[in-house]
Amino acid sequence: DMRMHCPKCSSTMNVLDHPGDFTVHKCGSCSALWFPEGSAGVTRALGVARSIDTGSESGFDQVRDIQCPECKTTMIKMVDKQQHHIHFESCGSCGGVLLDAGELDDMSEFTLLERIQQALGLTDA
């Protein structure tokens, strides 16, 4: 079985068809998103975040020491440098990135509004 399984809830992850030059797998159960190209894929996905990231916050943030769905290496817990409340996992071996449901959408909203506010000095971030 070549299908990937979600490292958070073990359900099957499916490759999503979407516009754009990146690959994304989405969990059929908790809606976590796996980007094999890592942060480059995440960055490219920000423009279509709403159409990809349709899950609701799952509370799977508490799951620790999850294995990479591609190479089974224990993933590294990361914090988004712009939005410190967004925690995601990155694989130190193959470079893939796993986002919980809602996190890509959250990041995409930041890229527009909060970056403008930061540029204008309207936030203390």
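**Strand partners and a loop in a predicted model**

Trainee: In β7, which residue is the bridge partner of S90?

Mentor: The model here is predicted. Start from S90 and look across to β7. Strand β6 covers residues 87–90, and β7 covers residues 97–99. The bridge partner of S90 in β7 is V97.

Trainee: In which sense do β6 and β7 pair, and over how many bridges?

Mentor: Two strands count as paired if DSSP finds at least two bridges between them. β6 and β7 pair in the antiparallel sense, and the number of bridges is two.

Trainee: Which residue in the hairpin of β6 and β7 takes a positive phi?

Mentor: Look between the two strands of this hairpin, where there are six residues. The phi in question is near 85 degrees. The residue is G95.

Trainee: Is K8 buried or exposed?

Mentor: K8 is found in the loop between β1 and β2. Its relative accessible area is 8%. Buried means under 20%, so K8 is buried.

Trainee: With which side chain does the side chain of K8 make a polar contact?

Mentor: A polar contact needs N or O atoms within 3.5 Å. Here the distance is 2.8 Å. The partner of the K8 side chain is the side chain of D100.

Trainee: And S10, buried or exposed?

Mentor: S10 also lies in the loop between β1 and β2. Its relative accessible area is 54%. The cut-off for exposed is over 50%, so S10 is exposed.

Terms used
Residues are numbered from 1 along each chain as its sequence is written. This is a predicted model: local features need pLDDT of at least 70, side-chain atom pairs count only at pLDDT 80 or more; totals for chains, interfaces and linings use all residues. Side-chain values use heavy atoms; hydrogens and water are left out. Helices (H or I, at least four residues) and strands (E, at least two) are DSSP runs, numbered from the N terminus. Buried means under 20% relative accessible area, exposed over 50%, partly exposed in between (1.4 Å probe, protein chains only). A polar contact is a pair of N or O atoms within 3.5 Å; within protein, one must be able to donate a hydrogen and the other to accept it, and residues adjacent in sequence count only if both atoms are side-chain atoms.
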